[in-house]
Amino acid sequence: MLSFTACQEEREHVAPAIYPQDSVATMVSYGVNTLISDSGIIKYRIVAEEWEVNQNRQPSRWIFEKGLFLEQFDLAMHVQSYIQCDTAYYFDMLRLWELRGRVRILTKKGLRFSSEELFWDEKTHEIYSNKYSHLITADKELHGNRFRSDENMTKYSVKTTRGYFDRGDIDKSSRDNKKQQTDSSRHYGRQPAMPKRNFNN
């Protein structure tokens, strides 16, 4: 009887790293509630449940996976404006903000903005969105799928507009229509009958 012995090389089974080097965060902070000052005056407040700074990912970024809330104050510490969203990314090398999910903004001028997406390019000083956006001001309301604005949201445009009205124009138009209808009824309405004298009596 011949017996053959098979030689097998031993193999080491190694699982991939749970946290690859290219995704390890530089810093992770929880329960963030911080004030930011400018020239010794408090102007901003940032609130975030989780703030991750990751310099290893390409491009490098700040990550607010669980939402972001940013307030701006005046000199009396009254809220002038705010920004909030479900998720936010700041690409520090690109100087680009990307806001996702229930984006809500209130500006100093009282403009209210809502969308599911918003980008803020600090290099071009432009804010834009390619998703449905809704804007409300004191005298108008705009709906559209392409929003473009300066970073102060004072000069903006909405393309593929779904609806628009100017309350002042509507009120003025309504008054003009009522006046025109009144004038028309006076001009074209039934004229009062003139009394006729009866000569039979």
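Let me start with salt bridges, counted where a side-chain nitrogen of Lys or Arg lies within 4 Å of a carboxyl oxygen of Asp or Glu. By that rule there are nine salt bridges. This is a predicted model, where local features need pLDDT of at least 70, side-chain atom pairs count only at pLDDT 80 or more, and totals for chains, interfaces and linings use all residues. Residues are numbered from 1 along each chain as its sequence is written, and side-chain values use heavy atoms, with hydrogens and water left out.

One of these bridges pairs Arg100 with Glu117, with the closest N and O atoms 2.8 Å apart. It links distant parts of the chain, since Arg100 is in strand β7 (residues 96–106) and Glu117 is in strand β8 (residues 112–121), 17 residues apart. For burial I use relative accessible area with a 1.4 Å probe and protein chains only: buried is under 20%, exposed is over 50%, and partly exposed is in between. Glu117 is at 7% and so counts as buried, while Arg100 is at 26% and counts as partly exposed. Salt bridges that share partners join Glu98, Arg100 and Glu117 into one network.

Two further bridges. Asp38 pairs with Lys43, the closest N and O atoms being 3.6 Å apart. Asp38 is partly exposed at 37% relative accessible area, and Lys43 is partly exposed at 26%. The side chains of Lys140 and Asp139 also meet in a salt bridge, at 3.4 Å from N to O. Asp139 has a relative accessible area of 33%, which makes it partly exposed.

Now the strands. The protein chain has one helix and 14 strands. I call two strands paired if DSSP finds at least two bridges between them. Strand β1 (residues 27–38) runs antiparallel to strand β2 (residues 41–54), and 11 bridges join them. Within that pair, Thr34 stands opposite Ile46 of β2. β1 and β2 form a hairpin with two residues between them, and Ser39 in the turn has a positive phi of about 60 degrees.

Which other strands does β2 pair with? One is strand β4 (residues 68–73), antiparallel and joined to β2 by four bridges. There, Arg45 has Glu71 of β4 as its bridge partner. Another is strand β3 (residues 61–64), also antiparallel to β2, with three bridges. Val53 has Trp62 of β3 as its bridge partner, and a hairpin of six residues joins β2 to β3.

Leu35 lies in β1 and is partly exposed, at 47% relative accessible area. Accessible areas come from the Shrake-Rupley method with a 1.4 Å probe, and for residues only the protein chains shown count as cover.

Two loop residues next. Where is Glu122? Glu122 sits in the loop between β8 and β9 (126–129), and at 17% relative accessibility it counts as buried. Its side chain makes a polar contact of 3.1 Å with that of Tyr90. A polar contact is a pair of N or O atoms within 3.5 Å; within protein, one must be able to donate a hydrogen and the other to accept it, and residues adjacent in sequence count only if both atoms are side-chain atoms. Contact in the plain sense means heavy atoms within 4.5 Å. Leaving aside neighbours within four places in sequence, Glu122 is in contact with Tyr90, Arg95 and Trp97.

Asn145 is in the loop between β11 (140–144) and β12 (146–150), and is partly exposed at 29%. Not counting residues up to four places away in sequence, Asn145 touches Ser129, Asn130, Lys131, Tyr132, Lys159 and Thr160. The C-alpha atoms of Asn145 and Thr160 are separated by 5.7 Å, with the two residues 15 apart along the chain.

Last, the totals. Buried residues make up 29% of the 201 residues. The chain exposes about 15200 Å², and carbon and sulfur atoms supply 51% of it. Among contacts between residues at least 6 apart in sequence, 31% join residues at least 24 apart.
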